[in-house]
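Dear colleague,

Please read them with the model open beside you.

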Amino acid sequence: MRVGYGESTTEHPDVEVDLDVDQVESGWLPLMRHWLEDAIEAEVPEPNAMTLGTVDGNGHPRTRTVLCKGLSEDGVLFFTNYESDKGRQIAAHPHASVTFAWTPIARQVSVRGRVVRAPASATQAYWRTRPRGSQLGAWASQQSQPVTSRGDLDAALVREAKKYGPDTDIPVPPHWGGFLIRPDVVEFWQGRANRMHNRIRTSDVDGTRVVERLQP
């Protein structure tokens, strides 16, 4: 059985600068970008994957994995079907949380804040980079709705492929686009031996940024 990190008596990685408050005093974004680059260099699988948490109409939490497609001062960007479960939940309760877990390098970042729709220009720019099959899938799938069979789902994709043909530019569906999570709270977690992990939280309190170390 593999021993979970933190139960060991040694640190991991072997040589690493300890996370401290001075690393986020100028804001959350530089360190976030640096850690993401480190995860890419370490060949962490799907380094831009993040667990998105929303709240449904009964106040119950819902989570799923989505892909981060942009980091900026505006926030954390991802794309989805606006009529999906998460899209409807965000419309009703426009706050969300995402967590990036980079287990192989013992790091994690959580971001929480208000969610707004990304500008149409951002959606259009990203849409043009998507594979054609993914574009067709966005039209074919009524995301989160029940479907009778896999065959019906595949048939919907075939219909969309015939509709647009092999060469026609596929437009962005009106029900599809980007969301931006505007961070109110960002927490950085760095694994350390004996479960004495480093946790640094930066938050916006009445327009003032507060940076503090948390106990593990």
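Predicted model: local features only at pLDDT ≥ 70, side-chain atom pairs only at ≥ 80, totals over all residues.

Arg 150 forms a salt bridge with Asp 154, and their closest N and O atoms are 3.0 Å apart. Both residues belong to helix α5 (residues 150-164), where they lie four residues apart, about one turn of the helix. Asp 154, for its part, is partly exposed, at a relative accessible area of 35%.

Elsewhere, salt bridges that share partners join Arg 62, Asp 85 and Arg 88 into one network. Within it, the side chains of Arg 88 and Asp 85 meet at 2.4 Å, N to O, and because these two residues are three residues apart in helix α2 (residues 85-92), about one helical turn separates them. Arg 88 is partly exposed, with a relative accessible area of 42%, whereas Asp 85 is buried, at 19%.

A further salt bridge pairs Arg 192 with Asp 18, with 2.7 Å between the closest N and O atoms. This pair links distant parts of the chain, 174 residues apart: Arg 192 sits in the loop between β7 (176-190) and β8 (198-205), and Asp 18 in the segment before α1 (29-41). Arg 192 counts as buried, at 4% relative accessibility, while Asp 18 is partly exposed, with a relative accessible area of 42%.

In total, the count comes to nine salt bridges, and those described here are among them.

Definitions and conventions
Residues numbered from 1 in each chain as written. Heavy atoms only, no water. Salt bridge = Lys/Arg side-chain N within 4 Å of Asp/Glu carboxyl O. Buried < 20%, exposed > 50% of the residue type's maximum accessible area, 1.4 Å probe, protein only.
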